[in-house]
Amino acid sequence: MAALAAPVAAIRVAVRHALTGLPSDGPVLVACSGGADSLALAVATAFVAPRLGRTAALVTVDHGLQDGSAERAEAVAGWGRGVGFTSSTVVRVAVTGRPGGPEAAARAARYEALTEAARQQHAVAVLTGHTRDDQAETVLLALARGAGPRGLAGMPARRDLGGVPLLRPLLEIGREQTRAACAVLGLSPWQDPHNTDPSYSRSRVRADLLPALVRALGPGVVDNLARTARLVAADNAALDELAAAALAAARCPDGGLSVPVLLGLVPAVRGRVLHSWARELGASPGALSHRHVAALDALVTAWRGQGPTGLPGGIRVLRSADRLSPAPPG
Ligand SMILES: Nc1ncnc2c1ncn2[C@@H]1O[C@H](COP(=O)(O)OP(=O)(O)OP(=O)(O)O)[C@@H](O)[C@H]1O
């Protein structure tokens, strides 16, 4: 018997690892675009899931943004039925009329559709094909926009998606491995023209920046960036725990925060406490910036009698004596 190609084996191991320990009373749902990463993920899941006594389903989202997208989505779903998924379906979404640019709108519509498909199918997890290269790109983009530790932690291997775990089994698999696996298995991935469109910053990072870094610093760069994300994520988790305890300690019965308690915190923890509290008050995470948290911090550490500070959503925070409190809008 021919030896199993190394990329195929590595991807199966990664998928097996991700599926182990999940409840077995529903399918795992693979989100497949037809691109090399999610095709390699899908074919590995179709192989691994039944061997673990589980069922697997596939869903492909048709954003309706390109000519022929419906036919391509049908082809992906048909392929899925052929490789043994118990269900393999297309979900059509409407991208227009949503806030943000086209990329953000498509992404939001896609995750809504995946959440709904998971709910309808009683899926125990949704799997996406993000790779180590996607992670390295995410870290570079975060670094470049000054996103801080939360951004530098990149994409988690597991997060909540509307009550279902979203898993990224290929975060430690390189893109060259997903391409190689597809080639070995005779699969013809779809090349998304958006991935090479230089008007997207991620495309420019993929096409220009990462290759330049690899040329300048060596081939370990991608792996090192992904490792940085893992290390920062572990530190974030520790700081988040400290901040949750500190927020509880700083809370006053009227919903405000105690300034003496806040002053006793190290700045990294205090910043997180203020960020969490601002979110509790209703500031949306997308709009809440470093600048807003710095302004709250100034109410604590550099108070000279200044008036209320504004947060996104018309929220205002007031310092009075030894307390931060939400102020009436005005
Ligand atoms: N149209 C889609 N339908 C279903 N899932 C999708 C779709 N587009 C993206 N995904 C999921 O999100 C993951 C990340 O997609 P993204 O477009 O950011 O990366 P990518 O590198 O182009 O991935 P791929 O090579 O699989 O298309 C994909 O691997 C896939 O699991």
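Predicted model: local features only at pLDDT ≥ 70, side-chain atom pairs only at ≥ 80, totals over all residues.

Residues are numbered from 1 along each chain as its sequence is written.

**Entry 1, helix H8.** I looked up H8, residues 201–217; helices here are DSSP runs (H or I, at least four residues), numbered from the N terminus. H8 bends by about 30° at Leu209, the bend being the angle between axes fitted to the seven residues ending there and the seven starting there. Pro211 follows within four residues. After H8 comes Gly218, with a positive phi near 105°.

How do the axes of H5 and H8 cross? I found that they come within 10 Å and cross at roughly 105°, so H5 is roughly perpendicular to H8. Axes are lines fitted to C-alpha atoms, for helices over the stretch in contact, with angles from 0 to 180 degrees between N-to-C directions; 65 to 115 degrees counts as roughly perpendicular. Leu209 turned up again, among the H8 residues that make this contact (C-beta atoms, placed from the backbone, within 7 Å). On the H5 side I listed Ala136, Glu137, Leu140 and Leu141.

Next I checked H9, residues 221–250, whose axis comes within 8 Å of that of H5 and crosses it at roughly 70°. That makes this pair roughly perpendicular. From H5, Ala136 and Leu140 are among the contact residues, and H9 brings residues including Val222, Leu225 and Ala229.

Notes:
Helix = DSSP H or I, 4+ residues; strand = E, 2+ residues; numbered from the N terminus. Parallel < 35°, antiparallel > 145°, perpendicular 65-115°, else oblique. Contact = placed C-beta atoms within 7 Å.
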